[in-house]
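Please work through the following exercises with the sequence and the model open beside you.

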Amino acid sequence: MTPQTIFLQIIGNQVLMGGIAGWFAAQFCKTLLDAILNHRLDISRFWGDGGMPSAHSSTVSCVAVSAGIVFGVGSFPFAICVILAMITMRDAMGVRLETGKQAKLLNEMVRLFSKDNPELPEERLKEFVGHTPAQVLIGCLTGCIMAFVLNLLYV
């Protein structure tokens, strides 16, 4: 199998390209929204976690809808993608959201106590790791829309 054949197969994989398109669309929207709200462009938001919309939700939703389009909603691939999407989105709103809240609290504690103890670490924990239900919902909708848009390119 030649590199050209491998590349064409990857590009031709609508479900894989759906996941990439879903992630890219959410990260682009997140970066743009952050720039509008903060009146400055922070390119690191494109690669960052957390925020509106959820790129995790957009990615897995786009994969699931793309699998439904390609293989049918009664198929095994669609079933697997939907279950994994549900787990991912639930985790983004649950464990990951709580982790972000804990990081915020720990960072504040370190800031307060570091005045008296210079030996405490200066490194801050990442606070943007989870998502609110609204961020997950908008991410899910972004992924679904991207799956249908991408399907127009594969028809």
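**Exercise 1: H2 against H4**

The axes of H2 and H4 cross at roughly 150° and come within 7 Å of each other, where axes are lines fitted to C-alpha atoms, for helices over the stretch in contact, and angles run from 0 to 180 degrees between N-to-C directions. Helices here are DSSP runs (H or I, at least four residues; strands are E, at least two), numbered from the N terminus. The model is a predicted one, in which local features need pLDDT of at least 70 and side-chain atom pairs count only at pLDDT 80 or more, while totals for chains, interfaces and linings use all residues. Residues are numbered from 1 along each chain as its sequence is written, and side-chain values use heavy atoms, with hydrogens and water left out.

Task: classify the packing of H2 and H4, and describe their contact.

Solution. Step one is the class: angles under 35 degrees count as roughly parallel, over 145 as roughly antiparallel, 65 to 115 as roughly perpendicular and the rest as oblique. H2 and H4 are therefore roughly antiparallel to each other.

Step two is the hand: H2 passes H4 in a right-handed crossing, a crossing being right-handed if the near helix is turned clockwise from the far one by less than a right angle, and left-handed if anticlockwise.

Step three is the contact, meaning heavy atoms within 4.5 Å. H2 contributes Gln14, Val15, Gly18, Gly19, Gly22, Trp23, Ala26, Gln27 and Lys30, and H4 contributes Ala55, Ser58, Thr59, Cys62, Val63, Ser66, Ala67, Ile69, Val70 and Phe71. Sorted by class, these residues of the H2 contact with H4 are 10 nonpolar, 8 polar and 1 charged, with Ala, Val, Leu, Ile, Met, Phe, Trp, Tyr, Cys and Pro counted as nonpolar, Asp, Glu, Lys and Arg as charged, and the others, Gly among them, as polar.

**Exercise 2: H7 and its two partners**

Task: describe how H7 packs with H4 and with H2.

Solution. Begin with H4 and H7, which pack at an angle of about 40° with their axes 7 Å apart. H4 and H7 are therefore oblique to each other, and H4 passes H7 in a right-handed crossing. On the H4 side the contact is made by Ser57, Ser58, Ser61, Cys62, Val65, Ser66 and Ile69, and on the H7 side by Val136, Gly139, Cys140, Thr142, Gly143, Cys144, Met146, Ala147, Phe148 and Asn151. The contact of H4 with H7 has 9 nonpolar, 8 polar and no charged residues.

Continue with helix H2 (residues 14-38) and helix H7 (residues 133-154), which pack at about 130° with their axes 9 Å apart. That angle makes H2 oblique to H7, and the crossing of H2 and H7 is right-handed. Gln14, Met17, Gly18, Ala21, Gly22, Ala25 and Ala26 in H2 meet Thr142, Met146, Leu150, Asn151 and Tyr154 in H7. The residues of this contact between H2 and H7 comprise 7 nonpolar, 5 polar and no charged.

**Exercise 3: the buried side of H4**

Task: state which residues of H4 are buried and what they pack against.

Solution. Helix H4 (residues 55-71) has 17 residues and reaches 24 Å from its first C-alpha to its last, close to the 24 Å expected at 1.5 Å a residue; the expected span is 1.5 Å times one less than the number of residues. The buried residues of H4 (under 20% relative accessible area, with exposed meaning over 50% and partly exposed in between, for a 1.4 Å probe and protein chains only) are Ala55, Ser57, Ser58, Val60, Ser61, Cys62, Ala64, Val65, Ser66, Ala67 and Gly68. They pack against H2, helix H5 (76-93) and H7.

As one case from this list, Ala55 is buried with a relative accessible area of 6%. Leaving aside neighbours within four places in sequence, Ala55 is in contact with Trp23, Ala26, Gln27, Lys30 and His131. Ala55 and His131 are 76 residues apart in sequence and 9.8 Å apart in space, C-alpha to C-alpha.

**Exercise 4: Thr31 and His39**

Task: decide whether Thr31 and His39 are buried or exposed.

Solution. Thr31 lies in helix H2 and is buried, with a relative accessible area of 7%. Not counting residues up to four places away in sequence, Thr31 touches Leu41, Asp42, Arg45 and Phe46. His39, by contrast, lies in the loop between H2 and helix H3 (44-47) and counts as exposed at 74% relative accessibility. His39 also has a positive phi of about 55° although it is not a glycine.
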